[in-house]
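Hi,

Here is the structure I promised to pass on. Have a look at it first, and my notes follow below.

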Amino acid sequence: MVEHFCNDFGLSERRACRLAGQSRSTQRYVRLRIDSPEFVRRLRELASERPRFGYRRLGVLLRREGHVANHKRVYRIYASEGLAVRRKARKRVAQADREPRVIATRVNECWSMDFVSDCLADGRSFRVLTVVDDFLKQCPTLEVDFSLPAVRVIRALERAIELYGKPDAIRIDNGPEFTSRHFDAWAYAQGIELRFIRPGKPVENTYIESFNSRFRDECLNQHWFADLAHARNVIEDWRVDYNDVRPHTMLDDLTPSAFLSSLGGAHGPRPDGRDVSAKPQLSTTRRAAHAAL
């Protein structure tokens, strides 16, 4: 605007700034900081590798690599490079009464479990058993196969329990794999409580529904699976990345593995001597968001 007044009407810069309502210091400002080409290149690489990550989560990854950049600088470069996460249209859903749910306060207090389906390149469908720790947000296992009856579910859970410990309870829906007598007998023998949600109320199993949404968005929708072996390899790589690399906002941008280490391990005491069953020292914002879930 100031340049328009000066060039077209022959006004001085002082008078043009006064008419435009802009200070002369702003008009004469020249940006001195030049963004490092290496920083911009790395930001573009990460955005290409993880297209469903926004600028805040990409900024966490950049700072882990040693780059000095706050969220404002990352956002400015992210926007100037034309990078953006494609927004998805929200579905209109009916407002329903929600049951109060107990918030997990320690590791292995409760796992949530469900199934996700997808297709191979030849059109054949396969299923994925998804499991997540309600407190730690860690994924103990992702079992992939064309068919996952109760026997396969039990086998996958037993392998996960050997690595991550046994949960006190598992929250599940009313699918035939979970309501079978075989699965019920196994859970009883293991001393694991089965917490069934009400039929038609997936909102009561929000942890696994949220996990499934990220799993589909960041993994299943980003790959074309040639065969079942390819799907298993890609999905397992994503699970390891989810547990050990991907920053989680509910854990103050830590990974589940790093957050578990800060608690002193799954079954041991914290470094400060406190029991791992104590609630984590999250920030006020994170703690409020965690309680709202």
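**What I found**

The protein exposes about 17100 Å² (Shrake-Rupley method, 1.4 Å probe), and carbon and sulfur atoms supply 51% of that area. Bear in mind that this is a predicted model, where local features need pLDDT of at least 70, side-chain atom pairs count only at pLDDT 80 or more, and totals for chains, interfaces and linings use all residues. Residues are numbered from 1 along each chain as its sequence is written, and side-chain values use heavy atoms, with hydrogens and water left out.

The five strands form an open sheet in the order 3-2-1-4-5, with mixed pairing (two strands pair if DSSP finds at least two bridges between them). Strand 3 (142-145) and strand 5 (193-196) each have a single partner strand, so one side of each is left without a neighbour in the sheet. Strand 4 (residues 169-172) runs parallel to strand 5, joined to it by four bridges, and Ile 170 stands opposite Leu 194 in strand 5.

Now the helices. Helix 5 (residues 55-64) meets helix 6 (residues 71-80) through contacts (heavy atoms within 4.5 Å). On the helix 5 side these include Leu 58 and Leu 62, and on the helix 6 side Val 74 and Tyr 78.

Cheers

Key. Axes fitted to C-alpha atoms, helices over the stretch in contact; angles between N-to-C directions.
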